Amino acid sequence: MSADIIDGKAFAATIRAEVARDTALFREKTGIQPGLAVVLVGNDPASEVYVRNKGIQAKEAGFASLEYKLPADTTQEALLAKVAELNADPQVHGILVQLPLPKHLDADAVLNAITPDKDVDGFHPVNVGRLWTGNPVSIPCTPLGCSLILRDRLGDLAGKRAIVIGRSNIVGKPMVALLLAANATVTVAHSRSPDLPALCREADIVVAAVGKAQLVKGDWLKPGAIVLDVGINRITEGDKTRLVGDVDFASAVETAGAITPVPGGIGPMTIACLLRNTLACAQALHGQP
């Protein structure tokens, strides 16, 4: 068989259109424009491109897009002061500090300083607790994008067997929480899990988020499984480089029922879900459903 290729770009465009529509309704009802503030420290080229794209898409959704570019030698105290300023700003409903930060800065302390009600990344411990107890406002964007794709493809996930390969705080753990909340039966696999291929072959849903290029092979998969490849790895072939995921796409596409490509799969969903979270924070802060 040949898997259906899931078009993340098209799906993300649908999400952004829904956010723009709901943002217009929110502004009509409240007179308030959702505001997304992004803080960039230093001049990492990839981060600059990512922040620029966020700004463009935020404006297209009807948000106020606020960007704060700080020099690479910004002190911890200065960065925390900027976060505190944004926490107190009533025109800001979502705050995102772009990672990675320069090495002299404590990223955990900075992220934890963001008030949970404006934490659009969903990384604050309070929002982690809200997710695991079934009361989320902001859900980490990549797992949220995966969850939306799964619901679109499968509808009810109850009783589905899922495996999440990777246990990071950003993807793996919140993905597990979302799958459990949807009543799936979930296996968490990691570097110490024995016989990973056998675990994968039991799964209707495979989420690969371990950061190892082309780890998951086609013969690891249950025929017809839905495969979500979160990995982004750059490999060298001769004198050229290219991006690949954590799944060996060429072999997996022959066994899976549907699969996300890299690039063009899960990646485009991240900003779309960031916008979704920003609107949700604005709605919650102003007492709207």
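The lining of the largest pocket comprises 42 residues, with Y50, T142, I232, G267 and T270 lying nearest its centre. A pocket here is an open set of points on a 1 Å grid over the protein atoms alone, where a 1.4 Å probe fits, with protein on both sides within 12 Å along at least five of seven lines; lining residues have an atom within 4 Å of a point. Two or more lining residues come from each of α1 (8-30), α2 (45-60), β4 (94-97), α6 and α10 (267-285), and α2 gives the largest share, seven residues. Helices (H or I, at least four residues) and strands (E, at least two) are DSSP runs, numbered from the N terminus. The model is predicted; local features require pLDDT of at least 70 and side-chain atom pairs pLDDT 80 or more, whereas totals for chains, interfaces and linings use all residues. Residues are numbered from 1 along each chain as its sequence is written, and side-chain values use heavy atoms, without hydrogens and water.

The count of disulfides (pairs of cysteine sulfur atoms within 2.5 Å) is zero. C141 is in no disulfide, the nearest cysteine sulfur, that of C273, being 6.2 Å away.

The side chain of S138 reaches the backbone oxygen of D119 at 3.0 Å.

How values were computed
Polar contact = N/O pair within 3.5 Å; in protein donor to acceptor, adjacent residues only side chain to side chain.
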